[in-house]
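Work through the exercises below with the model open. Each task is followed by a stepwise solution.

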Amino acid sequence: MATLLAIWALVSLGASTLAVDWLNNANIGNVPLGFWMGQQGSIITFVTLIAIYVWRMEKLDESYGIDEEAQLAASARSAARNAGDDA
Amino acid sequence: MSTFGWTVFWVVLTFGLYIFIAIRSRARTTGEFYVAGGGVPAVANGAAVAADWMSAASFISMAGLVAFQGYGGAVFLMGWTGGYVLLALLLAPYLRKFGKYTVPDFVGDRYSDGARVVAVVAAIFVSLTYVAGQMRGVGVVFSRFLEVGVTTGVLIGMAVVLFYAVLGGMKGITWTQVAQFSVLIVAYLIPAVAIAANLTGNPIPQLSFGEILTRLDGIQTDLGFDAYSDPFSFYERRNLFLITATLMVGTAGLPHVIVRFYTTRTVKAARRSALFALFFISILYLTAPAIGVFAKFNVIDTVHNASVSELNEIEWVQSWSDTGLLAIEDKNGDGVISYTPDEETNELVKFDRDILVLANPEVAGLPKAIVGLVAAGGLAAALSTASGLLLVISSSIAHDLIYKMLWKDATEPQRLLMGRVAMFGAVCVAGYFGVNPPGFVGEVVALAFGLAAASFFPVLVFGIFWKRANAPGAIAGMLVGLTTASVYMYMLIWGGMEPWFGVNKAGVGIISAVLNAITLVVVSLMTPPPSQELQDLVEDVRYPGALTGVGTSSQVSTEPA
């Protein structure tokens, strides 16, 4: 997660505000690179970062055997069992 | 059919759809009213967050801002999307796990009732400033396209919002927002694609705007302006940095966005809806810069060196001039309009940046049906955001203030009724501001982000990740953040103060957020740690597995599912 946040900071604050003029020396298609990063590339990066995060966290949940849907079902069952006495 | 006829057609069709959805999804319990019963699927929630987030400012104003600020517009593009990375990684899953109704709920339970009150005040202030802007957007669209007064327009908008927000609460709002997202994104993309195809032969705006950008840079330099892609023509480097950071942190601290992650069924769904939300938002945000380039090119191309008499015969020039948002004046009497950077000689006297997207299809000569559709899209954007904000205001008052602080033994039906009454009140206040907009709406939106960044974000993040953070620290932090930011903004806007170190008023929020964090840490360390109970709660929110109150993960995973 720290890596993802580092990329986030680097892309949004680094590339697109602090180093934009330097990046503008290059071009992507016919758009200056710094300009493209600010108005297109950074947004694409953000979506990708969250996608990686979601994917990693779901892997992590799986490796610990966590299944929230099953938990919800289980708690609904135990609530039904306990209904009337101590619930 | 005329533009007017098409607009009426689209508006009636979409409004009918919203009302139909409202009737289908009435709220029966407090849980449904505030968080849609916590059972919204991730894709639908993502679309709802996107509609909630993309306001009249995104739909109507943003491409215009980008067109007139050039590279400077990137602060909005990045600021309003980058915040979702913070939200998805640092806040959404944890707050969902905590499982309450509102942001002040978290602040109040994690810290203290004193902190809750500060959070309620901040949430209401931030949301009200925003709502006023949305209602104003509704008024502008109605007055231009439906030939009714701004007041009538606002009243019609209020009636529709009132209907589905009071009836359906978060449940009605969420499903309406899913529909509104579809309307607004279609209305945004169709003209962009059509214009891209017309101008360059390549219908994908993101790929084809580069060609026009090169020509636009050339034209602007010829006319004596800075090149469109020049990075520092609008903001200096330090302000680009500070404003981007403020908008991102502010985005992650806005109560009406955070609350959306309480509406999902599981933590996993909360994470996924953050992804869907940003994906849906990025469709519009990646198109906006292309629209900015196309529109500016088209406007200069149409207006510069055109004869006054010809211009005055163009339908959109006439109708926008009537609204007072567009003005041309042949100052040197040569019968031709010139667009120049010098105010003395510039003859495109006024071109309000808010009309750029709405006027864009007409400027590009697209069919009337599309012009009407864009109007309906603008209304969808304004109404969806307004309803999300109204929910925050009503829940802050009815739930956080009255139920949690003043009337703790209210019954379930009484709480639901309170929610509805507060919603009704909030719609009326918003309508008032829509009809009588405070002259400083534009300023105040920047203010709202700065204040959200300065007040909420540090308190939420420390509340989740640092067990030692305590109530005195949080209150002191929020107060320091709020006062430094608001005093600085006030002094710049109304106090006639010169900016310190050239810091723009929209960029001060991030500095106040840092001060807030420092204060929070220092005061927390100087005062006793929070109770063991609270520390356990933080531990529980942090680690994966059981939703709060459901049981531990080891117990659950051994049970057959």
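**Exercise 1. How do helix α5 (residues 74–98) and helix α12 (residues 267–303) of chain B cross?**

Step 1. The axes of α5(B) and α12(B) come within 9 Å and cross at roughly 175°. Axes are lines fitted to C-alpha atoms, for helices over the stretch in contact, and angles run from 0 to 180 degrees between N-to-C directions.

Step 2. α5(B) and α12(B) are therefore roughly antiparallel. The classes are: under 35 degrees roughly parallel, over 145 roughly antiparallel, 65 to 115 roughly perpendicular, the rest oblique.

Step 3. Contributors from α5(B) include L77(B), Y84(B), A88(B) and R96(B); those from α12(B) include A270(B), L278(B), I281(B) and Y285(B). Contact requires C-beta atoms, placed from the backbone, within 7 Å.

A note on conventions. This is a predicted model in which local features need pLDDT of at least 70, side-chain atom pairs count only at pLDDT 80 or more, and totals for chains, interfaces and linings use all residues. Residues are numbered from 1 along each chain as its sequence is written, while chains are lettered from A and ligands numbered from 1 in the order in which they are written.

**Exercise 2. At what angle do helix α4 (residues 56–69) and helix α15 (residues 356–363) of chain B pack?**

Step 1. The angle between α4(B) and α15(B) is about 80°, and their axes are 7 Å apart.

Step 2. That makes α4(B) roughly perpendicular to α15(B).

Step 3. F59(B), I60(B), A63(B), G64(B) and A67(B) of α4(B) meet L356(B), V357(B) and L358(B) of α15(B).

**Exercise 3. Check the spans of helix α7 (residues 113–145) and helix α17 (residues 412–435) of chain B.**

Step 1. Take the rule: the expected span is 1.5 Å times one less than the number of residues. Helices (H or I, at least four residues) and strands (E, at least two) are DSSP runs, numbered from the N terminus.

Step 2. α7(B) has 33 residues and reaches 48 Å from first C-alpha to last, close to the expected 48 Å.

Step 3. The 24 residues of α17(B) should span 34 Å; the end C-alpha atoms are 35 Å apart, which agrees.

Step 4. Now burial. In α7(B), 26 of the 33 residues are buried, so this helix is largely enclosed by the rest of the structure. Buried means 20 or more other C-beta atoms within 10 Å of a residue's own, exposed 12 or fewer, partly exposed in between, with C-beta atoms placed from the backbone. Buried residues of α17(B) include L416(B), M423(B) and V427(B).

Step 5. Past the end of α7(B) comes E147(B), with a positive phi near 50°.

**Exercise 4. Is A476(B) buried or partly exposed?**

Step 1. Locate A476(B): helix α19 (residues 471–493) of chain B.

Step 2. Count neighbours. A476(B) has 19 other C-beta atoms within 10 Å, so A476(B) is partly exposed.

Step 3. Beyond four places in sequence, A476(B) touches T519(B), L520(B) and V523(B). The C-alpha atoms of A476(B) and A115(B) are separated by 9.2 Å, though 361 residues apart along the chain.

**Exercise 5. Describe each chain as a whole.**

Step 1. Chain B has 22 helices and 4 strands. Of its 561 residues, 58% are buried.

Step 2. The C-alpha atoms of chain B fill a box of roughly 80 × 55 × 45 Å along the principal axes.

Step 3. Chain A has 4 helices and 2 strands, in the order α-α-β-β-α-α. Of its 87 residues, 37% are buried.

Step 4. Mean pLDDT (the predictor's confidence in each residue, from 0 to 100) is 71 for chain A, with 52% of residues at 70 or more.

Conventions
Two residues are in contact if their C-beta atoms, placed from the backbone, lie within 7 Å.
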